[in-house]
Protein chains: 2
Amino acid sequence: MSKSQPPVFGAIPGISPGHEFANRLELWGAGVHRQTQAGISARQGAGAESIVLSGGYEDDADYGDVILYTGRGGRSAETGQQVADQELTGANRELVRNITEGLPVRVTRKVTAGGSSFYRYAGLYRIVSHWAATGKSGHRIWCFRLERIADQPLTEEMARAAGQRELFGQLAWEPEVGYGAAPRRETTTLRIVRDTTVTRAVKKLYDYRCQVCGVRLGMAETPYAEAAHVQALGAPHHGPDLLENVLCLCPNHHVLFDMGAFGIADDGLLLGPPALGLPEKLSVHGKHRIAPAFLAYHRQHFYEPNAGRVEESR
Amino acid sequence: MSKSQPPVFGAIPGISPGHEFANRLELWGAGVHRQTQAGISARQGAGAESIVLSGGYEDDADYGDVILYTGRGGRSAETGQQVADQELTGANRELVRNITEGLPVRVTRKVTAGGSSFYRYAGLYRIVSHWAATGKSGHRIWCFRLERIADQPLTEEMARAAGQRELFGQLAWEPEVGYGAAPRRETTTLRIVRDTTVTRAVKKLYDYRCQVCGVRLGMAETPYAEAAHVQALGAPHHGPDLLENVLCLCPNHHVLFDMGAFGIADDGLLLGPPALGLPEKLSVHGKHRIAPAFLAYHRQHFYEPNAGRVEESR
């Protein structure tokens, strides 16, 4: 795993699905896969930005939009066969982090035809689950299910071939959702694709602890929390994707907050029916200023209209 | 709201997006929208199966893939203007249920051109959020954000126009995800699209209480819980979508279960590190038989390989 370069998640500008590369060096030069040999480009503690499917793992299964991907390790360099158990460490652990952080991974396939081969960029995939299995070799392998992210732009050539843009009116004809340096864009995906800059910052600040109940959903190295926008993103709310507008919550309190079951006063007091068992105040880190205007927006549009409607929680 | 007919969620066989209907009666006859006048076809306690956008509400905003939809009520029959506050009751409450239950809604638009009008089926949308706002009239309105479900089939005509099916290779060229009577199908959507028959059954059986911690995430009339498959759905697990393979969990315990942070013994004992604060046993309803084979599958592939990896939870 590279330790020097910051990971770049999401689409590389100018590289659309279908883009072809003559060899691994070209792929590396374009910034699509910044490893010249390894199949996984990941950084410790940050997740995996890219994988290359080269047909080297006997337990991989490629169904196109769905890929069952075998983790790294335990393979003989000579025969390509699995000769030892795989461990959930290193790059494999970073693939798990993509699941818990909702990070997309770039997928490139090695294509072999007519005696020669090249590489074709397939687009962005989500890693949706992982599990252990016994591979064909009898050794333990770690498996990952990848699913292609649906709302990706068609290439320009494909659009031309189709002749009419209107044809795609019902598809999400939108530039790629931005990650990292790219600006955040609206998406039709709910609770899955997230801006990584702000949401990772708030989760890091609270070490994945819920600001309401203090729970830290714990896998030792890959904890899970959700970033909740106070003034919602998207039309018509258009809340900004800034640290001042985001909370670190467990999934349960995220659901309750978004549904307006509780609100937050400007001074952090938690407003809600006794049945919810809320603590008196929101936990707020010294470095985290939550703008009162966003809290007021949430109270006005999400919480207050619902006040008193919650019957019970436990 | 209709009280006699069971709701039918999802696509109507034979009716693809783009299908046109001369009038409301035809729309009714096809089973797309089973109300001849009302804009929302819903059943009390079951959710909304269909809406018709007829341009009657001054606060609606139609962006195509995203629709900001105004709830029902408070409108003058003569002028179409908002003359009173809207309440979060009746059909409006059922639209909220679509959010908490993940139910899709059929959307049909009234199209007016050249002095005449007709209706065009737009496809399935998710209702992703609701909030209160002050409408143009100064009265309180209830608003809903609808987002088009991306993975829907193109119509046959659109495919022919495009000339080559391969063009769509990167899109999810799949029959519609089944709801209700239709068989369940694999989907690329994570934690959003659910089979309603089995998942609603398990949530109803437990009255939306988590089988691990007992929490009931409570909105008074629209509680929220998640159905968790024990042996995962989809390749390569191919767990069945049966009540014997599903649990009613809160989002927090759903995440932990899917990530393998805890497992369940055949007798219901909860297996996991003390830091998770798990109770001794899973709560199991007298009418709910969870098949041991599925629990064993989860332990073998998801839990046991991870055992001991959880550091802390609270």
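Let me start with A:Glu226, which is found in strand β9 of chain A, the strand covering residues 226-229. Please keep in mind throughout that what we have on the screen is a predicted model. A:Glu226 is buried, because its relative accessible area is 5% and the cut-off for calling a residue buried is under 20%. As for its partner, the side chain of A:Glu226 is joined to the side chain of A:His254 by a polar contact of 2.7 Å.

From there I would like to move to helix α5, which spans residues 251-258 in chain A and also residues 251-258 in chain B. Two packed helices are described by the angle between their axes and the distance between the axes. For α5 of chain A and α5 of chain B, the axes come within 6 Å and cross at roughly 145 degrees. Which residues meet there? On the chain A side they are A:Pro251, A:Asn252 and A:Val255, and on the chain B side they are B:Pro251, B:Asn252 and B:Val255.

Next come the aromatic rings, of which the structure holds three pairs over all chains. One of these is formed by A:Phe257 and A:Phe262, a tilted pair with 5.4 Å from centre to centre and 45 degrees between the planes. Both A:Phe257 and A:Phe262 are buried. In chain B, the rings of B:Phe257 and B:Phe262 have their centres 5.4 Å apart and their planes at 45 degrees, so this pair is tilted as well. B:Phe257 is buried, with a relative accessible area of 0%, and for B:Phe262 the value is likewise 0%, so that residue is buried too.

A disulfide is a covalent bond between the sulfur atoms of two cysteines. How many disulfides does the structure hold over all chains? The count is zero. Is B:Cys210 buried or exposed? With a relative accessibility of 3%, B:Cys210 counts as buried. B:Cys143, at 9% relative accessibility, counts as buried too.

Conventions:
Residues numbered from 1 in each chain as written. Chains lettered and ligands numbered in written order. Predicted model: local features only at pLDDT ≥ 70, side-chain atom pairs only at ≥ 80, totals over all residues. Heavy atoms only, no water. Axes fitted to C-alpha atoms, helices over the stretch in contact; angles between N-to-C directions. Helix = DSSP H or I, 4+ residues; strand = E, 2+ residues; numbered from the N terminus. Contact = heavy atoms within 4.5 Å. Buried < 20%, exposed > 50% of the residue type's maximum accessible area, 1.4 Å probe, protein only. Polar contact = N/O pair within 3.5 Å; in protein donor to acceptor, adjacent residues only side chain to side chain. Disulfide = S-S within 2.5 Å. Phe/Tyr/Trp six-rings, centres within 6.5 Å; stacked < 30°, edge-to-face > 60°.
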